[in-house]
Amino acid sequence: KTISENYKHGYGIECLPTGTYVGGYINNKPEGKGKFVSKEGDRYEGEFRAGMKHGEGIWIATKHFYHG
């Protein structure tokens, strides 16, 4: 497997069309503790696994709040 300069592994910040992710990466995907803030202001702070929200975290939407 060739690792290029675009390969993400470790701690990083990524600006996406949908928002910004700050946190850990393993094998080019968000992993472990991280924070995602959408362009609309919604926010998730918590655990990620294989690029998906997974485990315990806090989701604060512009109109809703969830902790679990």
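Is Y25 buried or exposed? With a relative accessibility of 5%, Y25 counts as buried (under 20% relative accessible area; exposed is over 50% and partly exposed lies in between, with a 1.4 Å probe and protein chains only). The structure is a predicted model, in which local features need pLDDT of at least 70 and side-chain atom pairs count only at pLDDT 80 or more, while totals for chains, interfaces and linings use all residues. Residues are numbered from 1 along each chain as its sequence is written, and side-chain values use heavy atoms, with hydrogens and water left out.

Four aromatic pairs were found, where rings of Phe, Tyr and Trp (its six-membered ring) pair if their centres lie within 6.5 Å, and planes under 30 degrees apart count as stacked, over 60 as edge-to-face and the rest as tilted. One of them joins Y21 and Y25 edge-to-face, at 5.2 Å centre to centre and 80 degrees between the planes. Y21 is buried at 3% relative accessibility. The rings of Y44 and W59 have centres 6.5 Å apart and planes at 40 degrees, so this pair is tilted. Because Y44 lies in strand β4 and W59 in strand β5, the pair ties together parts 15 residues apart in sequence; strands (E, at least two residues) are DSSP runs numbered from the N terminus. Y44 is buried at 6%, whereas W59 is partly exposed at 27%. Y21, Y25, Y44, F48 and W59 form one aromatic cluster.

N27, in the loop between β2 (19–26) and β3, has a positive phi of about 50 degrees although it is not a glycine. Most residues other than glycine have a negative phi.

Notes:
Helices (H or I, at least four residues) and strands (E, at least two) are DSSP runs, numbered from the N terminus.
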